[in-house]
Amino acid sequence: LSNAEAGRNCRTAEAFAELYEQFMPRVFSYICYRVGEAHLAEDLTSDVFLKALEGFSRYRPDRASFSTWLLSIARHKVIDHYRTSDKRRTINLEKAAVMSSESTFEEEIARNEERKKLRLCLATLPAQEQEIISLKFGAELTNRQIAQMLGLSESNVGTKLYRAVRTLRDGFRGWQDGK
Amino acid sequence: MASEGGKMENEMKRFAQDIDRIVAGEEVQVGDGVSDDYRTTLEFAQKLTGLRDAPSPSFQAQLKAILLQRLGEGVTSEGKGGWLKRLVPKSLVWRAVATTAVVVILIAVGAVWYWGVPGAPPPAPTLTPPPSPHHPSVIPQPDLELEATTEKTTYLPGETIEIELTFISMTDKPITISPFPPEIEIILPELPEGEDVVEEFDAGSGEVELKRGGEVTLTLVWDQRDSRGQQVAPGYYNPNIDVNDIHIDGKDIGGMGVCAGVLIQFPQGAMEKTIELDRPQTVNGLTITLERIEMSATAVKFYAFTIPPDYQPPEADISPYDLPYLEDMYPVHASYTVDGITKDARSADFGIRGDGITLEWANPYGPLDPVPSDARELIFTIPRFGDWEGPWVFRVPLE
């Protein structure tokens, strides 16, 4: 189901459920990148989908794909979260861990350590680069979609993304060397 | 050098393609002819995809059940979205809105059939509270909060800005913060990247113990100079206070931060008057009327009005809470230039009035920098409005 088709054909509860299954993990992952805390990400993800449900009448398939529309709501939800509580992008290492049922306990421990380090490295990036990393790796948007969302050129997004991944790589390398 | 630059440019383009394949779950093999830097960056991107957080199955299922229940209760078909369905959509901007409204009715019909639940009104929307005068911040460890306050909100250029940074214990047990004072940076997000760290305070070697509800305050001083020692221009600034490498009871909790907000006023003062304009301007078939400019000591606000072709207003009053989605999806950005210095007016708040739409660039969360009292001309520019390409440019003499 393409984004546009999904948006147009959402006529039944089953269709909505299909949209949900398709996009919810990306919204959740994006919010996790932005707030760095799984339980908070769950709360905000719930808010995003409730808003989307209420505002579906305002979704316009000719202007934006369903994923772009949904991520637009998610972005503003995160912005609202920081704005209303005046929180900075901080990280909660204790709550950052999200366990997966598909790997062993040891693997998951190691991965959680890496996730924690990723949160620390991510927090050191400029705000816009954090947003680009989150939209790319969390929401899985293309550079063009990210560019449209952030009001940047596509090449500018590519450059910033490359730079941000390199910075994260170096931060990670330093952490592994120091372990 | 030129070939090195060209190689890097090619790698940038290739990276954009490779990374999309990685994000899509493909295994990307890097062949010869790329730099080690590129190879390791791409390998790291591959690693990043493996570290993505996934929602737990239980959360996924619970939320789905809630949403389907809300869908069955008719949340989308009645109440909040109703006014949009009454729009007669002929223009490009409004057509799809009503199209999707029809879809929503179908969704509701399908959902009632699916669940057999009669419609119910949605809960009343809640108003987002304004920011508090203080700036609390939940930091990595919930045992501790940071708060940043300034003595006043408006300063003249050159005045020293003292920021009281308070560490507040939120736990029942005593905690020890070390090192104390920790390493602290004041960062101005309004300045270009690389020039935004305006003050740095080294970490001390001591530690401080906080009892239940206890707090300790540091006074930070910013002299209004940027990282090159130059006085920053008048306007609004949000000094971010970043506290680095802090330990609680010996455990490294990383960094934490909080934000304060100040206005650096023009030395000559701000212009304080309201100019009623009612000046229409038509570009590409759309007329936007700049109605009024309000200038005060703390902000400038712009008010405009438009009736898009073929737009028909809703029949009944609508809640202002219905509008933010439109603003989010179709932001009407603007800028204003005062005697050659251009500032971002950000995007407009939408409103409904009479036969048309009001646009206000007067966001209470982020006031627009005031206009100096001796300014001679202000130019307000709206580059585009929805599908309509502008620009609408309004030149307003101030003398």
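**Close-up 1. F28(A) and F59(B) are both buried.** Here, buried stands for under 20% relative accessible area, exposed for over 50% and partly exposed for anything in between, with a 1.4 Å probe and protein chains only. This is a predicted model, so a quick note on the rules: local features need pLDDT of at least 70, side-chain atom pairs count only at pLDDT 80 or more, and totals for chains, interfaces and linings use all residues. Residues are numbered from 1 along each chain as its sequence is written, chains are lettered from A and ligands numbered from 1 in the order in which they are written, and side-chain values use heavy atoms, with hydrogens and water left out.

Close-up 2. Searching the whole structure turns up 12 aromatic pairs over all chains. To count, rings of Phe, Tyr and Trp (its six-membered ring) need centres within 6.5 Å; planes under 30 degrees apart are called stacked, over 60 edge-to-face, and the rest tilted. F28(A) and F59(B) make a tilted pair, 6.1 Å centre to centre with 45° between the planes. Helices are DSSP runs of H or I with at least four residues, strands are runs of E with at least two, and both are numbered from the N terminus. Y162(A) and F15(B) pair edge-to-face, at 4.7 Å centre to centre and 70° between the planes. Y162(A) is buried at a relative accessible area of 2%, and F15(B) is buried at 0%.

**Close-up 3. T45(A) sits in helix α3 of chain A.** Its relative accessible area is 0%, which means T45(A) is buried. Leaving out residues up to four places away in sequence, T45(A) touches M24(A), V27(A), F28(A) and I31(A), plus F59(B) and L63(B). A contact means heavy atoms within 4.5 Å. The helix itself, α3 (residues 38–54) of chain A, has 17 residues and reaches 24 Å from its first C-alpha to its last, close to the 24 Å expected at 1.5 Å a residue. That expected span is 1.5 Å times one less than the number of residues. Of the 17 residues of α3(A), 13 are buried, so this helix is largely enclosed by the rest of the structure. As for the chain around it, chain A has 8 helices and 0 strands, and 61% of its 179 residues are buried.

**Close-up 4. D18(B) in helix α1 (residues 2–23) of chain B.** What does D18(B) contact, once neighbours within four places in sequence are set aside? The list is V28(B), Y38(B) and L42(B). D18(B) is buried, at a relative accessible area of 5%.

**Close-up 5. Strand β22 (residues 356–361) of chain B is mostly covered.** Of its 6 residues, 5 are buried. Strand β18 (residues 300–306) of chain B pairs with β22(B) in the antiparallel sense over 5 bridges; two strands pair if DSSP finds at least two bridges between them. T306(B) has I357(B) in β22(B) as its bridge partner. Strand β21 (residues 349–353) of chain B also runs antiparallel to β22(B), joined by 5 bridges, with G351(B) standing opposite T358(B). β21(B) and β22(B) form a hairpin with 2 residues between them, and G354(B) in the turn has a positive phi of about 55°.

**Close-up 6. An open sheet of 4 strands in chain B.** The strand order is β7-β6-β11-β14, with antiparallel pairing. At the edges are β7 (197–201) and β14 (256–259) of chain B, each pairing on one side only. Strand β11 (residues 240–244) of chain B runs antiparallel to β14(B), and 4 bridges join them. Look for D242(B), whose bridge partner in β14(B) is G257(B).

**Close-up 7. Rings in chain B.** Ring pairs link F302(B), Y336(B), W361(B) and F380(B) into a cluster. Over the ring of Y303(B) sits the charged end of R292(B), 4.0 Å from the ring centre. For this label, NZ of Lys or CZ of Arg must be within 6 Å of the ring centre and within 35 degrees of the ring normal.
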